[in-house]
Amino acid sequence: MRDYIEFGSKRIDFSLDFSERKTLGITVTPDLEVLVKAPMDSSIDSVKDKLRNKASWIIRQLSFFLAFHPKLTDRKFVGGETHLYLGRQYRLKVIISDDVKSTKDDVKLKGQFLEVKATNKDGVKELVEAWYLNKAKDRFHQIALPLFESFIKRNDISEINYNISIRHMQTRWGSCTAKGKIILNPELIKAPKSCIEYVIIHELCHLVHHDHTQRFLDLQTREMPEWEKWKNKLENLLA
Ligand SMILES: [Zn+2]
């Protein structure tokens, strides 16, 4: 069953299972799920009381995950609008030409402009999004491959193969499957390179530790001493 508690201004959703056990068990998963296992005879009120006692610990666990709030202001993809690429701001410049034969759809960075040539303005959004996705594919691999290679050497986990892919996720910058596949959110291409490195390193550390315990944090700090700075930057960037 699913339920929730309120703690301060925060709401914590959880799923609850009853099983043959003596104490309450709480797990926070990388998908931001709070899983609670309770002894068979416990009441929902007593479960909630115990969760409230543990609420600050749960929130701390949740906050380690790379959650972000999707942008509130939607882009309109009209000239003059600001768009981010690798942490820098570019002004959108839209050039529309009716001459379908000679105009080639095209997106490129030109000085401080993100210049889009299109045959009609309705196509601008799609062109820009496709451009971002292509850039994400190229740059993520350029950034991730050397990080991956030095990481597996340092941590002696050479049995793991390089496996990084890109997928749009509503609330996550990155994730990592049990089989060692790292998934990155293409929206990350809007963030500074060090933020992208931080997300990759965070997920690489999950190849060693699947939780967010102190061991995990120690490893992450060893791999990237300034990770907190880039984590904060990332959280403020698209919020
Ligand atoms: Zn994590």
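Student: Which strands does α3 lie across, and at what angle does α3 run to β9?

Tutor: In this predicted model, α3 lies across β9 and β11, and its direction makes an angle of about 155° with β9.

Student: How many residues does α3 have, and how far does α3 reach from its first C-alpha to its last?

Tutor: There are 31 residues in α3, and the reach from the first C-alpha to the last is 45 Å, close to the 45 Å expected at 1.5 Å a residue.

Student: Where does α3 bend, and which proline follows?

Tutor: The bend, of about 25°, is at Ala144, and Pro146 follows within four residues. Ala144 also belongs to the buried residues of α3, which are Val124, Val128, Trp131, Phe140, Ala144, Phe148 and Phe151. After the helix comes Asp156, which has a positive phi, near 55°.

Student: Let us turn to the sheets. What is the strand order in the open sheet of three strands?

Tutor: The general idea comes first: strands of a sheet pair through backbone hydrogen bonds, and the pairing is either parallel or antiparallel. Here the order is β9-β11-β10, and the pairing in this open sheet is mixed. Because β9 and β10 stand at the edges with a single partner strand each, one side of each is left without a neighbour in the sheet. From one strand to the next, the twist averages 20°.

Student: In which sense do β10 and β11 pair, parallel or antiparallel?

Tutor: β10 pairs with β11 (residues 182-184) in the antiparallel sense, over three bridges, and Gly174 stands opposite Leu184 in β11. Helix α4 (residues 193-206) lies across these two strands, β10 and β11, and runs at about 15° to β10.

Student: Where does Arg172 lie, and why does Arg172 count as buried?

Tutor: Arg172 is in the loop between β9 (164-166) and β10 (174-176). A residue is called buried if 20 or more other C-beta atoms lie within 10 Å of its own, and Arg172 counts as buried because it has 20 C-beta neighbours inside 10 Å. Between Arg172 and Leu188 there is a separation of 16 residues in sequence, while their C-alpha atoms are 9.9 Å apart in space.

Student: What is the strand order in the open sheet of four strands?

Tutor: That sheet has the order β5-β6-β8-β7, again with mixed pairing. Its edge strands are β5 (82-85) and β7 (106-110), each of which pairs on one side only, and the twist averages 35° from one strand to the next. Within the sheet, β6 (residues 88-96) and β8 (residues 113-118) run parallel and are joined by six bridges, with Val94 opposite Val116 in β8.

Student: How many residues lie between β1 and β2 in their hairpin?

Tutor: Two residues lie between these strands, and Gly8 in the turn has a positive phi of about 60°. The strands themselves, β1 (residues 2-7) and β2 (residues 10-19), run antiparallel and are joined by six bridges; Ile5 has Ile12 in β2 as its bridge partner.

Student: What domains does the assignment give for the protein chain, and how far apart do their C-alpha centres lie?

Tutor: The domain assignment gives domain 1 (2-64) and domain 2 (82-237), and the C-alpha centres of domain 1 and domain 2 are 33 Å apart.

Key. Residues numbered from 1 in each chain as written. Predicted model: local features only at pLDDT ≥ 70, side-chain atom pairs only at ≥ 80, totals over all residues. Domains from an automatic or database assignment. Pairing = 2+ DSSP bridges. Axes fitted to C-alpha atoms, helices over the stretch in contact; angles between N-to-C directions. Buried ≥ 20, exposed ≤ 12 C-beta atoms within 10 Å, placed from the backbone. Contact = placed C-beta atoms within 7 Å. Expected span 1.5 Å × (residues − 1). Bend = angle between axes of the 7 residues up to and from the residue.
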